[in-house]
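Hi,

Here is the structure I promised to pass on. Have a look at it first, and then read my notes below.

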Amino acid sequence: FIGQHNASYEPPDISPELLPKTSCGETLTGQGADYRGCQNQTNNGFTCQKWSEMSPHSHSLSETGDHNYCRNPDGEKTIWCYTTNANLRWDFCDPVDKTSSAVELYHYGGKNAAQLFDLVKQAVPDLKHIAMLGGSGGGVAAAAWGSNVADLWPSAEVVAVVDSGLHVFPGTELFDYFWEKAPYGQGPIAEQTPRFQENVPDFDWRATDALAKHLQSHGGRFKIAHLSCIDDKVVYSDRKNMAVFAQLDSVMDELMNSSTQHTRTWAFLNTLHECSPEGSVFSYIQDCSSHHQTRRGFATSIPGAIGAATFVNNILNHSKPDPDSDRTQFWFEEHEATESDKTCSSSVRRRRESQPQETETSGSRSFEIGLLSLLTSKLLL
């Protein structure tokens, strides 16, 4: 599922005609009164507060715009902005590095996500290493879109780091609902509205091992890593909102029961590890309630194991999470897989049989994309 996400990528030597049109201009003359660039970080590394917002700092410059880019609306010595840090009211900025080829895009829903991937494919068709980092709902999106990305680049190794994205498990009541009744899925209702099917990830997650089938279809070159607190408060809230959306009143109490959620979490992870190609699934599960750790700070590490930050960084760099071992599960407590968890024989397969072919090209390029979002009860595709 994809909601609102921001994505950035830095491919080398992109032809100008392939770049999306943008109003950003990083030229700064004089004191920067006419600067219209897209810098939203201060010189000291603080994120800018939107000019149209009054929190954490109230001010009288809201007419500067509904954005958080550095500006100089009052004749300071150079561009600046209010910061999102309650302890630092404002700070100076420098323009975005003109030598950078980074392009920032804003996209809403599956249609624009697909267009984003197509754009990158045109610009750098010979990628060999692709890393996707998704936080919260963006984590769910990274897992869902991973197969499509691997399809676009059949020779690339693709990794998806899912931070705090254990919102919905395959083979549960929620996915039954979305399959049967959602016009933006892959089920019978969606068959009547094919315009949606063209712009959504290719998945049929009605069976518990459905996600493992995605990984199997790519022979191990698509990998997933989960980082999560077992009692993530935001995830619990989102599950409730989705259950309300799906009108699952009859099972609401069970869905909201922490014991049930624990059981389902361990079962999902065990099945994913058991049914996927060896070395294609990694998980780091802590005894905590924090959410979106890669953005808001890592929670406590697991005793006797590498830290959460090391886990994430090594995965994104296409390395083993622990350089000194082949360990794939980093859990704060052990949970042996049951016979049910090891059942990997569902008939559910990926819906699209044909895979695109890629001509061999020289060189190796890497690509990183961040799908940072919050999944709410209003699900958009």
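The buried residues of H6 are Ala210, Leu211, Ala212, Lys213, His214 and Leu215, where buried means under 20% relative accessible area, exposed means over 50% and partly exposed is in between (1.4 Å probe, protein chains only). That makes six of the eight residues in helix H6 (residues 210–217), which is mostly covered. Helices (H or I, at least four residues) and strands (E, at least two) are DSSP runs, numbered from the N terminus.

Before going on, two housekeeping points. This is a predicted model, in which local features need pLDDT of at least 70 and side-chain atom pairs count only at pLDDT 80 or more, while totals for chains, interfaces and linings use all residues. Residues are numbered from 1 along each chain as its sequence is written, and side-chain values use heavy atoms, with hydrogens and water left out.

Back to H6. What lies over its buried residues? The cover includes H2, strand S7 (222–229), H9 and S8. After the helix comes Gly219, with a positive phi near 60°.

Trp205 sits in the loop between helix H5 (194–197) and H6. With a relative accessible area of 5%, Trp205 is buried. Setting aside neighbours within four places in sequence, its contacts (heavy atoms within 4.5 Å) are Ala143, Ala144, Pro170, Gly171, Phe175, Ala210, Leu211 and His214. Phe169 is 36 residues from Trp205 along the chain, yet their C-alpha atoms are separated by 8.3 Å.

Now the inside. A nonpolar core here is a set of buried Ala, Val, Leu, Ile, Met, Phe, Trp, Tyr and Cys residues joined through side-chain atoms within 4.5 Å. The largest one has 50 residues, and Ile130, Val158 and Ile224 touch the most other members. Helix H2 (residues 137–152) gives the most to this core, namely seven residues. Another core, of 16 residues, lies apart from it and has Val159, Ala225, Leu227 and Val312 among its members. If you click on Val158, look for Ile130, Met132, Gly146, Val149, Ala150, Arg221, Phe222 and Lys223, which it touches when residues up to four places away in sequence are not counted.

How many salt bridges does a search of the whole structure find? There are four, a salt bridge being a side-chain nitrogen of Lys or Arg within 4 Å of a carboxyl oxygen of Asp or Glu. Here are some of them:

- Glu157 and Lys223 meet at 3.9 Å, N to O. This pair links distant parts of the chain, with Glu157 in strand S6 and Lys223 in strand S7, 66 residues apart. Glu157 is partly exposed at 25% relative accessible area, whereas Lys223 counts as buried at 17%.
- Lys213 and Asp209 meet at 2.5 Å, N to O, and both are buried.
- Asp326 pairs with Lys320, their closest N and O atoms being 3.1 Å apart. Asp326 is exposed at 65%, and Lys320 is partly exposed at 40%.

Last, here is how H9 and S8 turn up again. Strand S6 (157–163), helix H9 (258–275) and strand S8 (281–286) each supply at least two residues of the lining of the second largest pocket.

Cheers
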